[in-house]
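Open the model in your viewer and keep the selection panel at hand. We will go stop by stop.

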Amino acid sequence: MIKLFYAPGTCAIAPHIVLEWIGQPYDLQKVKPRDPEYMKLNPLGQVPAMIDGDSGVMNQADALLKYLTHKYPEAQLGDNGTLQDAYELDRWLAFFTGDVHPAFYPFFAPQRYAPDDSPETQSQVKEKALALIDRVFKHLDAHLEGKDHLVGDRRTIADAYAFAMIRWGNLLPNRLTEYPNLARFYETMRQDEAVQRAMAQQGIKF
Ligand SMILES: N[C@@H](CCC(=O)N[C@@H](CS)C(=O)NCC(=O)O)C(=O)O
């Protein structure tokens, strides 16, 4: 059985939602990413991670999401089999891993980027992060104009990954007010019962 290692409210909510969409039994384990015991499993000290039977520890959110589509093709959460659709799915997964997530790192952990510990420097780093986030959120907002899903007109793993990061937008000074399509996508996803179950299991409210 698959076991998902997560910390509440992190990008681990993406594979968690996908496991709920799939509807097969799985185990959940809440961890602190930098906990020494957890780091024996995942030396990167990051979530999500997964173990599937004797797979050993697997990590990297986008790879875990793809793994789930390969393991459970009947759930139809991957690409639709065409080259163009496969590209579309991969490009959005890459966008979240390579552009959106890194834009949030200095917002959540400015101390890792600031050259000193002064509050002024840390807030300057956060200001820079806001500009990076704005750039990727504008791009995503434009893509979602008139659309309910990231790829094609059906639910895929990219929607779950998008939800994980759009959710963080609620922590921005202006929340999601400047990104109407992201706000709409977020509210629609929140109505999804599987999303609600995953959020309740993680103890997160918004
Ligand atoms: N490249 C990794 C990044 C994972 C990652 O940074 N996860 C965050 C939570 S969203 C984390 O565990 N951070 C803990 C830390 O960096 O200390 C992936 O895509 O899975």
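Select glutamine 60. This is a predicted model, and here glutamine 60 is partly exposed, with a relative accessible area of 35%. Glutamine 60 sits in the loop between strand E4 (57-59) and H3. Check its backbone: phi is near 80°, a positive value in a residue other than glycine. Most residues other than glycine have a negative phi.

Go to arginine 175 next. Its phi is also positive, about 50°, although arginine 175 is not a glycine. Look for it in the loop between H6 and H7. Arginine 175 counts as partly exposed, at 47% relative accessible area.

One more backbone stop: valine 47 and proline 48. The peptide bond from valine 47 to proline 48 is cis, with omega near 5°. Most peptide bonds are trans. Proline 48 belongs to the loop between helix H2 (36-41) and strand E3 (49-52).

Now colour by domain. The protein chain splits into domain 1 (2-77) and domain 2 (83-192). Taken over C-alpha atoms, the centres of domain 1 and domain 2 are 20 Å apart. Show the contacts across the boundary: 16 residues of domain 1 touch 18 residues of domain 2.

What lies inside? Select Val18, Phe96, Phe137, Leu140 and Leu150. These have the most contacts inside the largest nonpolar core, which has 58 residues. At least two residues of this core come from each of strand E1 (2-6), helix H1 (13-22), helix H3 (61-71), H4, helix H5 (119-143), helix H6 (157-168), helix H7 (180-191) and helix H8 (193-202). H6 supplies the largest share, 10 residues. Domain 1 (2-77) and domain 2 (83-192) both contribute residues, so this core lies between them.

Zoom in on phenylalanine 137. Beyond its neighbours within four places in sequence, phenylalanine 137 is in contact with Val100, Phe104, Met165, Ile166, Gly169, Leu172, Leu176, Tyr179 and Leu182. In soluble globular proteins, nonpolar side chains tend to be buried together.

Finish on the surface. Where is there a nonpolar patch? Select Phe108, Leu171 and Phe206: they form one on the surface, with about 270 Å² of accessible area together. Phenylalanine 108 lies in helix H4 (residues 83-108). Why does phenylalanine 108 count as partly exposed? Its relative accessibility is 41%, and partly exposed covers the range between buried, under 20%, and exposed, over 50%.

Note on methods
Residues are numbered from 1 along each chain as its sequence is written. This is a predicted model: local features need pLDDT of at least 70, side-chain atom pairs count only at pLDDT 80 or more; totals for chains, interfaces and linings use all residues. Side-chain values use heavy atoms; hydrogens and water are left out. Patches are made of residues with over 30% relative accessible area and no salt bridge: like charges are joined within 9 Å, nonpolar side chains (Val, Leu, Ile, Met, Phe, Trp, Tyr) within 5 Å. Accessible areas come from the Shrake-Rupley method with a 1.4 Å probe; for residues, only the protein chains shown count as cover. A salt bridge is a side-chain nitrogen of Lys or Arg within 4 Å of a carboxyl oxygen of Asp or Glu. Helices (H or I, at least four residues) and strands (E, at least two) are DSSP runs, numbered from the N terminus. Buried means under 20% relative accessible area, exposed over 50%, partly exposed in between (1.4 Å probe, protein chains only). A nonpolar core is a set of buried Ala, Val, Leu, Ile, Met, Phe, Trp, Tyr and Cys residues joined through side-chain atoms within 4.5 Å. Domain bounds come from an automatic or database domain assignment. Contact means heavy atoms within 4.5 Å.
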